[in-house]
Every structure is written in C-alpha cells, then in structure tokens.
Number of protein chains: 4
Amino acid sequence: MTAEQVQVLIRAGVPMADDMDLRIDRLDERGALARVPFQAKLVRPGGTLSGPTIMALADAAMYAVVLGSLGRVEMAVTSSLNINFLAKPKPVDLIAEARILKLSRRQAVCEVSLFSAGEEGELVAHVTGTYALPL
Amino acid sequence: MTAEQVQVLIRAGVPMADDMDLRIDRLDERGALARVPFQAKLVRPGGTLSGPTIMALADAAMYAVVLGSLGRVEMAVTSSLNINFLAKPKPVDLIAEARILKLSRRQAVCEVSLFSAGEEGELVAHVTGTYALPL
Amino acid sequence: MTAEQVQVLIRAGVPMADDMDLRIDRLDERGALARVPFQAKLVRPGGTLSGPTIMALADAAMYAVVLGSLGRVEMAVTSSLNINFLAKPKPVDLIAEARILKLSRRQAVCEVSLFSAGEEGELVAHVTGTYALPL
Amino acid sequence: MTAEQVQVLIRAGVPMADDMDLRIDRLDERGALARVPFQAKLVRPGGTLSGPTIMALADAAMYAVVLGSLGRVEMAVTSSLNINFLAKPKPVDLIAEARILKLSRRQAVCEVSLFSAGEEGELVAHVTGTYALPL
C-alpha cells in the first residue's frame, strides 16, 4: 500500500485520526513517516501536545509501517506499546518515524522516534510496540 | 481534590478529554476510577474502541490518582507508559481503575486495570506508567 | 506441574537459576511464589540485590506460573518484559508473586510483584511480561 | 571514564557481571559496546543464552554509557527497563550497543540493541531503559 492509501484507510476507519488530521507523509517497506499538524484542541495543561496525542500518532505510524510492509492487514492490532516521553513538544507539527525491528508470522515489533517539525535532533518521545498479525 | 474537581480540571485543560466525555467516577488517595462512555467516533476498524482511546483513558486515570493524592499539581507530566492490550473492548463504557504503586518525591509509579462496564472479570488492557512530579 | 517439579525443571535447565538458589515456594493455576535467598554474590554497588537478580527472579516466577497453568511447555519463551524498580531491596530473601493477567493460545501476559521477605507492604519492583507459547 | 575503567568498576561491584565475564569493548560519551562471551552456564532450555543473561548485559551496557557520559556516578540506578526479545541468540558472544536517547538532570533514558557476534543485521533483543541519577 502507498502512503496515500494508508492515510485514507486509517482516517476512514479511525474517526479520531481523521479529527487529528493525521498525515502519512512517506511509506516504504521498512519505514513510515506520520505527522499530526499542531492544533489547539490537541493540547494539555502547559499548552503542549498531550501525551495521548503523541501516543495516537506513534500508534498510527506503527500501523502504517505494518500495512506498508504486509499490505491490507486491517485487522492487525496493537498488542503492546511502551513510550518514554523525553521532551516537551514544540507548538508545531509533530512527526513520527516508525520502522520494523522484527517481523515474524505472529507479530511485528516496531520502534518509533517522535520529534517536533524542524527539530529532528531532539526526540520528543520514543516508542516500541508490537502489532499482533492475523494468522 | 475531589473526583468532580479533577474531572472539571482535566476537561478544561485537555480538549480531547472533553471531546471523549471523560468521567472521573471515584477518587481517593490511593485509587481513581475513570470512564469513557462508548461513542462511535472512538472506534477503530472492527468497531471496537481504538487503542489511543484506551491509552488516553489510562493516562487520565493516572493523572487523576496523582492529583487525588498530591493535590493540584497540574504540571505533573507522564514520563513513561507501558500498555498490554489483552482483549477487545465491548461496545460499552470503558472503565479504568488506577492506583499508585509507589510515590516518591520525584515521581509516581501507577498501575491501571481497564475493563468494559459490566465485565470486571476480564481485563481489556493493563497499564503501568510514571508521572514526573514538579520538584 | 507442582512447585517442586517446576523448581527442579528450572534449576536443571537454567544453571544461573541454580546458582542463585532459586526456590518455587508455591504454585497453582493462577499464581506462583518464587524466591531468591540473599547472597553476597548477587549484589550491586550499595550492597543491595542487583537489578539483573531482580529481573531473573521475576522472569522465573513468570515461567513458573506459565508451567503451573499449562503443564510442561518448556519451550515457552519470554517475548517481552517491562520492569519498574520502586525501592531498594533489603539484604534479605527477595520474593516474587506472579499471576497471569491473560492467557491466550499464542501468549501468556503476566504480572509480578516483588518485595523483600517480611516487607510485603512495600514493593521493590513491579513487572509485566509476556511469554510466547509454542503453538 | 574509559571502557577499561568501567569494566573494572562493574566487575568489582557486581559479582554476577564478573561471573559472566562481562566486557566493555568500547565507550564514548554517547555510546557503549558491551559483550558477554558465550558460556554453557548462561543458557536456558533449548541451549541458547537465557533471558536474564540478555537483560543483565543490556543493563550493564546502559550503566556503562551513563558512566561514560557522566563520570563515576556509581549510585546511578536502573529505574525501569523494557525489553522485547526478537530472535534466539546464537551460541556465540552476545553484544549490546547502548546509547543515550535523553539525558536530563534527573535521569538518563537509554536504548540498547543486542545481537549475536557476527550477526549485526539481526537483532536478538531491543531494550529501552532509564537510569535515575543521584541529584
């Protein structure tokens, strides 16, 4: 699947992703680049993007890289996610770069690096997660 | 802080929580019970509540239990979160029960059990997470 | 399998567990109690039991509860483990209480509470982990 | 501190590391390379290196990179560790490459990639972890 096809599929199937204006900017077999444009409604106290927004973007980026690698496995589901929040996001677009660490018949283990647009050198958060694959 | 005060504070500070109609049903020093009423806009492919909805509820329940224990520390921030998704949520309210495993000067380590309303015996997800506390 | 059978099986198959004098004190379908007697060779700087000792005990307790529940599935393997270290262990036996949060055909998700003998009220560490099951 | 100094310090303070013949092969401000030579006593059923061996090596590699970056902060302690086991290690040396994702006054968040010697392309395990720093 292409980046555009995955973006359409996710936004059609997950209203919250559509509401967040989720973008899949790039997708190939091993990596996905996903993005959430900054919006006031996505903040937490302090005015920065909320933790759940960051987790939602990371999860979407993992889903994208799984679909990019395996094709239309819509029923792949997150089975675990571990996140470390490392720095306050800036009030700009948030970007997630996901890659597959290991793909087996049962699951995909992914890693996601998240950063503010224009600040690639400083991680906002780091995620590892697993998607269970339909057998 | 009371359950009602925390609910008001979270929904005022986090538009996404307000949009999800987040409820804090119970709060005392060691535990919080939070709830998200089922809404079609919170689903993922398959029609069940999405992973990000589940993570957002768990995060809110941890925030509630921290505020319930320490008072109005609005700038407490999630520093890590680990979730295992265990079963598909039913198309009913999702409930999160959070408790503090360890409270130190620097951080609160919390555990959250999530289940579908009326199905307390079967976990939908299990979370551990840490909140960094303002010194 | 009984607690004694599992203890024998683990110590025969895992020399490090034998070297740590690992004990399985109790085992039934839903829970296991494992223990490492305090030994000077298991410490880290500061004189307390090392992190790897704590993780090894937690992993053994999970393995025990899986064997206790499913029988002799020796080739069950840890697929993930998440630990939060909460307090320094005392220079006494360390105890791990494991239970299964969710058992499916593919995996067992477990939770382990660790504490110093005689200090059941204060957690030394908290673990969640998954064991992949041979199909 | 140099790789050699850190190796000496860890093996003097942690008997289990000495027993595992832990090596610190390389160390600079941002990264550490640690190694455990294959030994029969470190196996689990199936003959491969045990999970606790892998976790112990990852923890030592994180400790090394923290000492390499901050100097002799012996009382830095692991506060959390998350591991995904990805492939069976080969019966050869196991190597851990650790780097710091984020260093703050309170803690260091690290990432560790583990692989069998000569098999750099295939991860055996992936770890993220945090070390709490003495204030």
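This is a predicted model: local features need pLDDT of at least 70, side-chain atom pairs count only at pLDDT 80 or more; totals for chains, interfaces and linings use all residues.
1. Twelve strands form an open sheet with antiparallel pairing, in the order S1(C)-S2(C)-S4(C)-S5(C)-S6(C)-S3(C)-S3(D)-S6(D)-S5(D)-S4(D)-S2(D)-S1(D). At the edges are strand S1 (23-27) of chain C and strand S1 (23-27) of chain D, each of which pairs on one side only. On average, neighbouring strands of the sheet are turned by 20° against each other, direction ignored.

2. The helix on the sheet. Helix H3 (residues 51-70) of chain D packs on this sheet. In chain D the helix touches S1, S2, strand S3 (77-85), strand S4 (94-103), S5 and S6, and it also touches strand S3 (77-85) of chain C. The direction of the helix makes about 45° with that of S4(D).

3. One strand pair. S1(D) and S2(D) run antiparallel and are joined by four bridges. Within this pair, Ile24(D) has Ala34(D) in S2(D) as its bridge partner.

4. Arg35(D). This residue lies in strand S2 (residues 31-36) of chain D. Is Arg35(D) buried or exposed? Its relative accessible area is 18%, and because buried means under 20%, Arg35(D) counts as buried. The side chain of Arg35(D) makes a polar contact of 2.6 Å with the side chain of Asp25(D), and another of 2.6 Å with the side chain of Asp93(D). Leaving aside residues up to four places away in sequence, Arg35(D) touches several others, including Leu22(D), Leu57(D) and Ile95(D).

5. Gly118(D). This glycine sits in the loop between strand S5 (107-116) and strand S6 (125-132) of chain D. Gly118(D) has 63% relative accessibility, so it counts as exposed, the cut-off being over 50%. Gly118(D) and Asp93(D) are 25 residues apart along the chain, and their C-alpha atoms are separated by 8.9 Å.

6. Chains B and A: area. The size of an interface is often given as the accessible area lost when the parts come together. Chain B and chain A bury about 2,500 Å² between them, with 63% of it on carbon and sulfur atoms. In chain B, the residues that lose the most area to chain A are Met16(B), Arg44(B) and Pro45(B), together 23% of what that side buries. The contact takes 32 residues from each of chain B and chain A.

7. Chains B and A: contacts. How many salt bridges are counted between chain B and chain A? The count is zero. Eight residue pairs are in polar contact across this interface, both residues at pLDDT 80 or more. On the side of chain B that touches chain A, helix H2 (15-19), helix H3 (51-70) and strand S3 (77-85) of chain B each supply at least two residues. S3(B) gives the most to that side, with nine residues.

How values were computed: Residues are numbered from 1 along each chain as its sequence is written. Chains are lettered from A and ligands numbered from 1 in the order in which they are written. Side-chain values use heavy atoms; hydrogens and water are left out. Buried means under 20% relative accessible area, exposed over 50%, partly exposed in between (1.4 Å probe, protein chains only). A polar contact is a pair of N or O atoms within 3.5 Å; within protein, one must be able to donate a hydrogen and the other to accept it, and residues adjacent in sequence count only if both atoms are side-chain atoms. Contact means heavy atoms within 4.5 Å. Two strands pair if DSSP finds at least two bridges between them. Axes are lines fitted to C-alpha atoms, for helices over the stretch in contact, and angles run from 0 to 180 degrees between N-to-C directions. Buried area is the accessible area (1.4 Å probe) that two parts lose on being put together, summed over both. A salt bridge is a side-chain nitrogen of Lys or Arg within 4 Å of a carboxyl oxygen of Asp or Glu.
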